[in-house]
Amino acid sequence: MADYLVTGVAGFIGSSIARALVARHNKVRGVDNFSTGKRQNLVGLESIELIEGDLNDPGLAERACREIKFIFHEAALPSVPRSIEDPVGSNRANVDATVKLLDAARKSRVRRVIYAGSSAYGNSPSLPKKEDMLPAPLSPYAVSKLTGEHYMAAFCRVYGLETVTLRYFNVFGPHQDPTSQYSGVLAIFISKMLCNQTPTIYGDGEQSRDFTYTDNVVVGNLLAASADASKVAGRVFNTLNETVQILRSLTSYAGDVSHGPERPGDVKHSLADIAEAKSQFGYEPSVLFGEGLTKTVDWYRSQL
């Protein structure tokens, strides 16, 4: 039987965590309904126990949690525009499924759940964003992820289930799907530039993002799983114009960049304060932005 469960295992981040666990010779179970996950992300992960289905399906969460020690909960519908179009669907995927997973986890006596939170602090002018700031979510997606955080803390307080929330800040890297309108901005920009297609910036392009390379996210998750419970249980941790110019050089793109109107629900500026994560469980980015961007461009180029 597996010791580790990765939800959303066929996704960009979930498959990366599963790959790191397998490389450490851990037994891994994965769950995915393939609504956004890609089967090609599971190439090389044939050794994992795969459960295909939705955490909202009757009995599936209980089956997935059976005899599991650690859960990496990556399954979600991670898109602000999608949540604005379909807030009910976003809530079902991000809130209902999370509660069912937590309930199954506490019944199965899972030791710890590490939750993929969001940098949904809103448009507060204060930078960097610290864990003790009051979030002001701007979209149904942000509300759903923040609700998941509160459920994590509640299950820790009420049931003693160890939970850790890691707030992701704009994760990018190989295996991120560039084909959807809901994809991450770097995946879209890189794929378009490599194909000599015009990328679109929504707004004036002066919004800022704290981009996180996927390897750093994987390391943060593994550290959170092994950290002393007294330091992390029940807690939350933080893990465009200029970027376009860097990508021009890396992709040899010489074309134009179009501009569209600002999108509702988008945060203007994000910057993470990671001092708490460093202090409590030793997290520190090992891959810097420029290096990660180069690796990502090289991967997308290899897929053409």
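This is a predicted model: local features need pLDDT of at least 70, side-chain atom pairs count only at pLDDT 80 or more; totals for chains, interfaces and linings use all residues.

Reply: Helix 4 and helix 5 run roughly parallel to each other, because their axes cross at roughly 15 degrees and angles under 35 degrees count as roughly parallel.

Me: Which residues are in helix 4 and helix 5, and within what distance do the axes come?

Reply: Helix 4 covers residues 87–107 and helix 5 covers residues 140–159; their axes come within 9 Å.

Me: Is the crossing of helix 4 and helix 5 left-handed or right-handed?

Reply: The crossing is right-handed.

Me: Which residues make the contact?

Reply: From helix 4, they include Pro87, Val95, Val99, Leu102 and Arg106. Helix 5 contributes, among others, Pro140, Tyr141, Tyr151, Met152 and Phe155.

Me: And by class?

Reply: The contact of helix 4 with helix 5 has 10 nonpolar, 6 polar and 3 charged residues.

Me: Changing topic. Where does arginine 109 lie, and what is its phi?

Reply: Arginine 109 is in the loop between helix 4 and strand 5 (112–118). Its phi is positive, near 60 degrees, in a residue other than glycine.

Me: Is arginine 109 buried or exposed?

Reply: Exposed: arginine 109 has a relative accessible area of 75%, and the cut-off for exposed is over 50%.

Me: What about asparagine 196?

Reply: Asparagine 196 is not a glycine either, and has a positive phi of about 60 degrees. Asparagine 196 sits in the loop between helix 6 (185–194) and strand 8 (200–202), and is exposed at 58% relative accessible area.

Me: How many helices and strands are in the chain?

Reply: The chain has 11 helices and 11 strands. Of its 304 residues, 50% are buried.

Key. Residues are numbered from 1 along each chain as its sequence is written. Side-chain values use heavy atoms; hydrogens and water are left out. Axes are lines fitted to C-alpha atoms, for helices over the stretch in contact, and angles run from 0 to 180 degrees between N-to-C directions. Helices (H or I, at least four residues) and strands (E, at least two) are DSSP runs, numbered from the N terminus. Angles under 35 degrees count as roughly parallel, over 145 as roughly antiparallel, 65 to 115 as roughly perpendicular and the rest as oblique. A crossing is left-handed if the near helix is turned anticlockwise from the far one by less than a right angle, and right-handed if clockwise. Contact means heavy atoms within 4.5 Å. Ala, Val, Leu, Ile, Met, Phe, Trp, Tyr, Cys and Pro count as nonpolar, Asp, Glu, Lys and Arg as charged, and the others, Gly among them, as polar. Buried means under 20% relative accessible area, exposed over 50%, partly exposed in between (1.4 Å probe, protein chains only).
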